[in-house]
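I opened the model to look up a few places and kept short notes. The entries follow in the order I took them.

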Amino acid sequence: MPETDVEKHAPSPDFVKTAHVDAAKYEEMYAASIADPDAFWGEHGKRIDWIKPYTKVKNTDFTYGKVDIRWFEDGTLNVAANCIDRHLKDRGDQTAIIWVPDEDDGSDQHITYQQLHAHVGKFANVLKEMGVGKGDRVVIYLPMIPQAAYAMLACARIGAIHSVVFAGFSPDALASRVNGSEAKVVITADGGPRGGRVTALKDNADKAFAKVNHDAKMLVVKRAGNDISWTQGRDHWLHEMEDKVSDDCPAEEMNAEDPLFILYTSGSTGQPKGVVHSQGGYIVYTAMTHQYTFDYHDGDIYWCTADVGWVTGHSYIVYGPLANGATTVMFEGVPTYPDAGRCWKVCQDHGVNQFYTAPTAIRALMGKGTEFVEKYDLSSLKVLGTVGEPINPEAWNWYNDVVGKGKCPIVDTWWQTETGGHMLTPLPGATPTKPGSATRPFFGVQPVVLDPESGKVKEGNGVEGVLAIADSWPSQMRTVYGDHDRFMNTYFQQYKGYYFTEDGCMRDEDGYYWITGRVDDVLNVSGHRMGTAEIESALVAHKAVNEAAVVGVPHDVKGQAIYCYVSLMDGNQPSDELKKELQDWVRGEIGPIAKPDYIQWAPGLPKTRSGKIMRRILRKVAVNEHDQLGDTSTLAEPEVVDDLIENRLNK
Ligand code: WT7
């Protein structure tokens, strides 16, 4: 359990003076948001331009069997127009996106709101030309280039539903997402440069298309200039298509509850699910959290290092910041290329005011020494953020002292793909922080700590259990694409009347929340969420593998490492070559982020007499706590455990 009785870091009086929200205002607004959600969100919904204003605000039901989430349901709007057109009058010449390429060669681009408008209009007309209309699905498989943002906004402009697939995913993972949404068009690039190496994205997309079982087209952005193959009739260059169309594309009038995007995420069972977010509530909430959580002021330069392949990139590189008319930095590369000073150089070059990254990146940079930070002028920084996993106090302190020089509030934001936006987070001018705590709820969010067994709410402070949310917030996911039952069964079945987050947590004596990690079979590797079930099914798809069980073990930089127990089919012998082959196999099936760190050969897996694998035991063995195996009396063959203990890796 985390140490909660630690020193609090309060924002400086100077910071508080100019902050959007101070401590008193937080209390007042939070209380109002809970007392009367309709009045609160009815008011804050006005930060967005509506074509037809809503008359209804909240209409939500968490009852298992009838879960139904609607916000602003009779309002109409266009999200892209909110992110672009409405800013043209006052800030057409302001930079909307600063694009920083992989190579540090001075070719950074500034894209103004006016230019963004033209690019997105053209892109939208290209999609229309390719037969995409309102409600159609478009898969985006791109590197971190401006066209990724244009593509998302172009879909939003014409009412198409985008599904961004992280460029690090394999052809198989891409194919299953293209098939799952019956996408009409897949947008990719010839290649994606990252850390000095080019990922052959078009090549991956070609391989994926061999498994796509419906008619789909490919739209290709020229980026890396690498050789690619071409299928006439199916493949189209973006620049050639753009020559044929105008940059003027009217924004489609969308209902607040029409889907905006699908984003696949991992769970404890089965294949990843398509999380569906809708238009109105999502844009209201991401814009508001972007402004308040980062204390964003007009003219600030804001940088989130995430990839648009994840929800963080959707909500806090593209939609939230652009809805606020912000300047948002989009970075193609990695924090350690060409060296570990890259992030700080970008902060200096562009005068970054708010910097938002993941604990795994902080830990990796911390390991390289402070000289990479000290070389650069970081005086522009005002707020630092983290997201994706619990941050350990060592990394928090380094971030605070070395990067923030003790003057930048740190916002540790807890949220999920499913929540769309920040749920627990300090507000930098309002909330004294404690290293490792995501502190308190954002407006409208009602966290509860439940007893994991009884499901009873634990009242008061100094309690521990699982984290659930008692009522809806505007950017909540609406359904699992094509499977509303799966949505209800995953999040609303176990604890009736609540949204279950699948995270463990404690609420300390000050009412601060501390996330203790997933309580399901989901791993968090370098801030990437991955189901053990997905890795297991990739392993057993290999002809030599009979059975596999995957657990997470602590890792200094990645947070968790992937530890696999594998038992082989008769006739196969364990060998280092086979180990390597299996690692490459999983990498090929899912992507580099899923590559197993450890593969332990297991003659058998510990199972109950009914055949259920006892992961609890496998977890304990992997971390060398086999003296704490607990009750093993229900094991069918207790002796397999001895072999596993003896041959443990990760020593
Ligand atoms: C899971 C969600 C939301 C954007 C990135 C991840 C973990 C996320 C924190 C945090 C502790 C965190 C949780 C959560 N998580 N932020 N600040 N402190 N844990 O989105 O891939 O949907 O993963 O990430 O376990 O359930 P995601």
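**Entry 1: helix 12**

I began at the end of helix 12, where G325, just after the helix, takes a positive phi of about 70°. The model is predicted, and I read everything below with that in mind. I then checked the helix for burial: 13 of the 13 residues of helix 12 are buried, so the rest of the structure largely encloses it. Helix 12 covers residues 311-323 and is among the elements that give two or more residues to the shell around the ligand.

**Entry 2: the shell around the ligand**

Which residues come nearest to the ligand? I found W414, Q416, T417, I515 and R529, out of 21 residues around it. Besides helix 12, the elements that supply two or more residues to this shell are strand 20 (410-413), strand 24 (499-507) and strand 25 (513-518). Strand 25 gives the largest share, which is 3 residues. I also sorted the shell by residue type and noted 7 nonpolar, 9 polar and 5 charged residues.

**Entry 3: the binding-site annotation**

Next I turned to the record. UniProt, in an unreviewed entry, places the feature "binding site" at R194, G195, G196, R197, T312, S526 and R587. I asked why these positions do not all gather at one spot. They span 394 residues in sequence and their farthest two C-alpha atoms are 23.9 Å apart, so a single spot does not hold them all.

I looked at two of the annotated residues more closely. G195 sits in the loop between strand 9 (192-194) and strand 10 (197-199). G195 counts as partly exposed because it has 14 C-beta neighbours inside 10 Å. Not counting residues up to four places away in sequence, G195 touches D102, G333, V334 and Y337. R197 is placed in strand 10. Is R197 buried or exposed? I counted 11 C-beta neighbours inside 10 Å, so R197 is exposed.

I went back to the stretch between strand 24 and strand 25, where G511 lies in the loop. G511 has 12 other C-beta atoms within 10 Å and is therefore exposed. Which residues does G511 contact once its neighbours within four places in sequence are left aside? I noted R440 and N461. I also took the C-alpha separation of G511 and G460, which is 8.1 Å, although the two are 51 residues apart along the chain.

The unreviewed UniProt entry puts "domain: Acetyl-coenzyme A synthetase N-terminal" at residues 26-83. I found this span to be 40% helix and 17% strand, with its end C-alpha atoms 27 Å apart.

Helix 2 (residues 23-35) was my last stop. Helix 2 has 13 residues and reaches 18 Å from its first C-alpha to its last, close to the 18 Å expected at 1.5 Å a residue. Which residues of helix 2 are buried? I listed Y26, Y30 and S33. They lie on the same side of helix 2, because they cover an arc of only 65° around the axis. What covers these buried residues includes helix 3 (37-44). On the face turned away from the buried side of helix 2, I noted the exposed residues A24, E28, A31 and A35.

Technical notes. Residues numbered from 1 in each chain as written. Predicted model: local features only at pLDDT ≥ 70, side-chain atom pairs only at ≥ 80, totals over all residues. Near = placed C-beta within 6 Å. Helix = DSSP H or I, 4+ residues; strand = E, 2+ residues; numbered from the N terminus. Nonpolar A, V, L, I, M, F, W, Y, C, P; charged D, E, K, R; others polar. UniProt positions renumbered as here; feature names shortened; annotations may be inferred. Buried ≥ 20, exposed ≤ 12 C-beta atoms within 10 Å, placed from the backbone. Contact = placed C-beta atoms within 7 Å. Expected span 1.5 Å × (residues − 1). Arc of directions from axis to C-beta.
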